[in-house]
Amino acid sequence: MKLGLGLYRHMLTRDNFRFAKQAGATHIVAHYADYFNGGGLNSREDQPTGSDGGWGRAGDPDKLWTFEELDALRMEVESEGLKLEALENFDPAHWYDVLLDGPKKREQMENIKTLIRDVGRAGIPVFGYNFSIAGVAGRVRGPFARGEADSVGMDGPLDTPMPNGMVWNMVYDPRATDGNVPSATHIELWQRLEYFLDEILPVAEEAGVQMAAHPDDPPCETVRGQPRLVYQPRLYQKLLDLRPNPANMLEFCIGSLAEMTEGDIYETVDSFSAQQKIAYIHFRNVRGKVPAYKETFIDEGDVDMIKVLRILHKNEYSGVMIPDHTPLMTCDAPWHAGMAYALGYMRAAIRMVSE
Ligand SMILES: [Mn+2]
């Protein structure tokens, strides 16, 4: 098992690569979409939470990430002695009509295929994505973790409708007409996923890129009146079974899976790792379940993370795991301190279960 660190777009700097290396990480997962674009609604020094208005503005729909910039990023990471394992998430600007089944769907799908070919050509083996209409919405922020550490969670469902021009909790069209995005059904959402997988999987397979699906965060049946895809462990299996393909893989989020109302987290870890379908892992802990859970430090939530590692080791999981999110620690570098704490814990725990 390998240790990695996830970095948001504005954090993809040499200093942060060195920070990761110093904390014992060997791999980087890069968020290349800028969730804080246009000012954003919370500090860039933590995971984005935003408000009903979303996180920030999506990027430029006409500006696809190029092979040159992805290749340069991979080389920069490698120059610090690390490996670029994955890109995490599409920019909503590049695929909003794939999610919404809108008029630009085919054109955007072709663009995404070009992007995945370039990701492969740049030597990046995994692309993490989250097939979600409302995205990571409905979370609250507060002193939920040990020692009053600032963290995020959920305090009841959020089903206020999503305004036109918004998808995946970001605004892709600030000039959209008034009104709300009509609610899709769960069946329609699965049909949209089917189209997406049919288009992308052959391309990804040929490009040597694993398409790794994140479960819903938060995993409610609906968020903002829109259906969710993977809000129970059995639906994660449905996603895999829908299109058996070596490129159809999982961005396995222990936190989101533990927040689900059904299933047992240890059985879930066992089942998916035994299938060898985990591309990489979001290794984080949580207290409670939707719609009232809180993110915690790695060693204080409901999940016995050492037990999870033992199961992964038994099933010979050899991929990367990153902390995903951590609570902020009270000091001059709250995000970095939280990550360093999680990474140190993970490094020791991986070594312990591997012996
Ligand atoms: Mn996650």
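What covers the buried residues of helix 4? In this predicted model, the cover includes helix 2 (67-79), strand 3 (83-88), helix 3 (92-100), strand 4 (126-129) and helix 5 (186-207). The buried residues themselves are Gln-108, Ile-112, Leu-115, Ile-116, Asp-118, Val-119 and Gly-120. Helix 4 itself takes in residues 105-121, which makes 17 residues, and it reaches 24 Å from its first C-alpha to its last, close to the 24 Å expected at 1.5 Å a residue. After helix 4 comes Gly-123, a residue whose phi is positive, near 80°.

Two of the elements that cover helix 4, strand 3 and strand 4, are also paired with each other: they run parallel and are joined by three bridges. Within this pairing, Glu-88 has Gly-128 of strand 4 as its bridge partner.

Two packed helices are described by the angle between their axes and the distance between the axes. For helix 8 (residues 265-274) and helix 9 (residues 305-314), the angle is about 20° and the axes are 9 Å apart. Because angles under 35 degrees count as roughly parallel, helix 8 is described as roughly parallel to helix 9. The crossing of these two helices is right-handed, and the contact is made by Tyr-266, Val-269, Asp-270 and Ser-273 on the side of helix 8, with Lys-307, Val-308, Ile-311 and Leu-312 contributed by helix 9.

Helix 9 also packs against helix 10 (residues 334-354), at an angle of about 50° and with the axes 9 Å apart, which makes helix 9 oblique to helix 10. This crossing, too, is right-handed. Which residues of helix 9 meet helix 10? They are Met-305, Ile-306, Leu-309, Arg-310 and His-313, and what they meet in helix 10 is Ala-349, Ile-350, Val-353 and Ser-354. Helix 9 therefore packs with helix 8 in a roughly parallel arrangement and with helix 10 in an oblique one.

Note on methods. Residues numbered from 1 in each chain as written. Predicted model: local features only at pLDDT ≥ 70, side-chain atom pairs only at ≥ 80, totals over all residues. Helix = DSSP H or I, 4+ residues; strand = E, 2+ residues; numbered from the N terminus. Expected span 1.5 Å × (residues − 1). Buried ≥ 20, exposed ≤ 12 C-beta atoms within 10 Å, placed from the backbone. Contact = placed C-beta atoms within 7 Å. Pairing = 2+ DSSP bridges. Axes fitted to C-alpha atoms, helices over the stretch in contact; angles between N-to-C directions. Parallel < 35°, antiparallel > 145°, perpendicular 65-115°, else oblique. Left-handed = near helix turned anticlockwise from the far one by under 90°.
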